[in-house]
Amino acid sequence: LHANTVKTGQATLFPRALLHFQRNIGKGTAQYISMLNNENPGVMSFPRVLTTLPSEVLSQALRIPIEEIRKLQARVLPPQLSEG
């Protein structure tokens, strides 16, 4: 897990394929500029991430017990496509 508090005038970088999110923890309105190094950044929605990455990898990356990951996947995936 990588946490970074960005202050006014600062920048941050996300390595390629790193699952990430941004959240405003301040009291005022936040503004940011997002830049990508490709016209097609390959953005993936969270449901798609849940269907394409192995449960073990998601469990480790998100620090969530594998049973919880499988519960989430069961809500997103049709039964015939789920593990097991």
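1. The chain exposes about 8,000 Å², and carbon and sulfur atoms supply 55% of that; the areas come from Shrake-Rupley with a 1.4 Å probe, and for residues only the protein chains shown count as cover. Keep in mind that this is a predicted model, where local features need pLDDT of at least 70 and side-chain atom pairs count only at pLDDT 80 or more, while totals for chains, interfaces and linings use all residues. Residues are numbered from 1 along each chain as its sequence is written, and side-chain values use heavy atoms, with hydrogens and water left out.

2. Helices here are DSSP runs (H or I, at least four residues), strands are E runs of at least two, and both are numbered from the N terminus.

3. How much of the chain is buried? Of its 84 residues, 10% count as buried, with buried meaning under 20% relative accessible area, exposed over 50% and partly exposed in between (1.4 Å probe, protein chains only). As for contacts (heavy atoms within 4.5 Å), among those between residues at least 6 apart in sequence, 24% join residues at least 24 apart.

4. Now helix 2, residues 55-62: its buried residues are Ser 55, Leu 58 and Ser 59. They cover an arc of only 100° around the axis, which puts them on the same side of helix 2; the arc is taken from the directions from the helix axis to the C-beta atoms. Their cover includes helix 1 (46-52) and helix 3 (66-76). On the face turned away from the buried side sit the exposed residues Gln 60 and Ala 61. After helix 2 comes Arg 63, with a positive phi near 55°.

5. The packing of helix 2 against helix 3 has an angle of about 115°, with the axes 9 Å apart. Axes are lines fitted to C-alpha atoms, for helices over the stretch in contact, and angles run from 0 to 180 degrees between N-to-C directions. Helix 2 brings Ser 55, Glu 56, Leu 58, Ser 59 and Leu 62 to the contact, and helix 3 brings Ile 66, Ile 69, Arg 70 and Gln 73.

6. One more residue to look at is Leu 72, found in helix 3. Leu 72 counts as partly exposed because its relative accessibility is 30%. Leu 72 and Leu 50 lie 22 residues apart in sequence and 7.8 Å apart in space, C-alpha to C-alpha.
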